[in-house]
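The exercises below ask you to work from the coordinates of a single chain, one step at a time. Please try each task before reading its solution.

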Amino acid sequence: MSIFPGVCTLLEEIDKKIMVELRDGRVLIGYLRSIDQFANLVLHRTVERIHVDSRYGEIPLGVFIVRGDNVVLLGEFDDDRDRATKLVQVSKEEILEAQILEQRVKQEKEKTRIKALKERGFSYQLDTTHEDF
C-alpha cells in the first residue's frame, strides 16, 4: 500500500513478470528487477515479443535496461492468460520473416495512398528520416 494516496509506484511490481510496450511499438516481457526515480527499468530474462496476425515469436534479450521516457504501457504479465490465447508461437526466424513481409505490405499501401493523394492535388511529404524498414 502506498504511503501517499494517489501516488503511483512500481515497487510492488519488483520481481514480477511484466510486459512493457515502448514508444517505437516493441513489446518486451521480463522480470522487473530495479527501477529509479526516472522510471528507468531493469528487466531480467527479457524477450521481445513480435506479433504478426495470429502468430507471435520471441527474441531473447537477457538483461535489458529501458529508459523511463520510452515506456508507453506497463503491466503485470499473466502466464496462464497468455497460454489461453489463440495465438500460435512460431520460431524466431519465421516471425522475423513474417514481420518483414508485413512491413513491405504496409509500405506498398502507403505508397498507393500517397500516389492517390497526389493525383487529387494534395501535397504530401513522406518523412524518410526515421524509416524502420
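This is a predicted model: local features need pLDDT of at least 70, side-chain atom pairs count only at pLDDT 80 or more; totals for chains, interfaces and linings use all residues.

**Exercise 1. Carry out the analysis for Arg-113 and Glu-110, and then for Arg-26 and Asp-24.**

Step 1. Arg-113 and Glu-110 form a salt bridge in which the closest N and O atoms are 3.0 Å apart. Both residues belong to helix H2, which covers residues 92-119, and they are 3 residues apart, about one turn of the helix.

Step 2. With a relative accessible area of 39%, Arg-113 is partly exposed, and Glu-110, at 24%, is partly exposed as well.

Step 3. For the other pair, the side chains of Arg-26 and Asp-24 form a salt bridge with an N to O distance of 2.9 Å. Arg-26 has a relative accessibility of 31% and counts as partly exposed, while Asp-24, at 49%, is also partly exposed.

Step 4. The salt-bridge count comes to 10, including the pairs Arg-113 with Glu-110 and Arg-26 with Asp-24.

**Exercise 2. Is Arg-49 buried or exposed, and which residues are linked with Arg-49 in a network of salt bridges?**

Step 1. Arg-49 is located in strand E3, which spans residues 41-52. Its relative accessibility is 6%, which is under the 20% cut-off, so Arg-49 counts as buried.

Step 2. Turning to the side chain, a polar contact of 2.6 Å connects Arg-49 with Glu-58, and another, of 2.8 Å, connects Arg-49 with Asp-82.

Step 3. A network of salt bridges links Arg-49, Glu-58 and Asp-82.

Step 4. When neighbours within four places in sequence are set aside, the residues in contact with Arg-49 are Val-27, Ile-29, Tyr-56, Gly-57, Glu-58, Phe-77 and Asp-82.

**Exercise 3. In what order do the 6 strands form the open sheet, and which strands stand at its edges?**

Step 1. The open sheet has the strand order E5-E1-E2-E3-E4-E6, and its pairing is mixed.

Step 2. Strand E5 (71-76) and strand E6 (88-89) stand at the edges; each has a single partner strand, so one side of each is left without a neighbour in the sheet.

Step 3. Strand E2, residues 27-35, runs antiparallel to E3, and 7 bridges join the two strands. As an example of residue pairing, Tyr-31 has His-44 in E3 as its bridge partner.

**Exercise 4. Where in the chain is confidence lowest, and where is it highest?**

Step 1. Over the chain the mean pLDDT is 87, with 86% of the residues reaching 70 or more.

Step 2. Confidence is lowest in helix H1 (residues 79-83), where the mean is 88, and highest in strand E1 (residues 17-22), where the value is 96.

Technical notes:
Residues are numbered from 1 along each chain as its sequence is written. Side-chain values use heavy atoms; hydrogens and water are left out. Helices (H or I, at least four residues) and strands (E, at least two) are DSSP runs, numbered from the N terminus. Buried means under 20% relative accessible area, exposed over 50%, partly exposed in between (1.4 Å probe, protein chains only). A polar contact is a pair of N or O atoms within 3.5 Å; within protein, one must be able to donate a hydrogen and the other to accept it, and residues adjacent in sequence count only if both atoms are side-chain atoms. Contact means heavy atoms within 4.5 Å. pLDDT is the predictor's confidence in each residue, from 0 to 100. A salt bridge is a side-chain nitrogen of Lys or Arg within 4 Å of a carboxyl oxygen of Asp or Glu. Two strands pair if DSSP finds at least two bridges between them.
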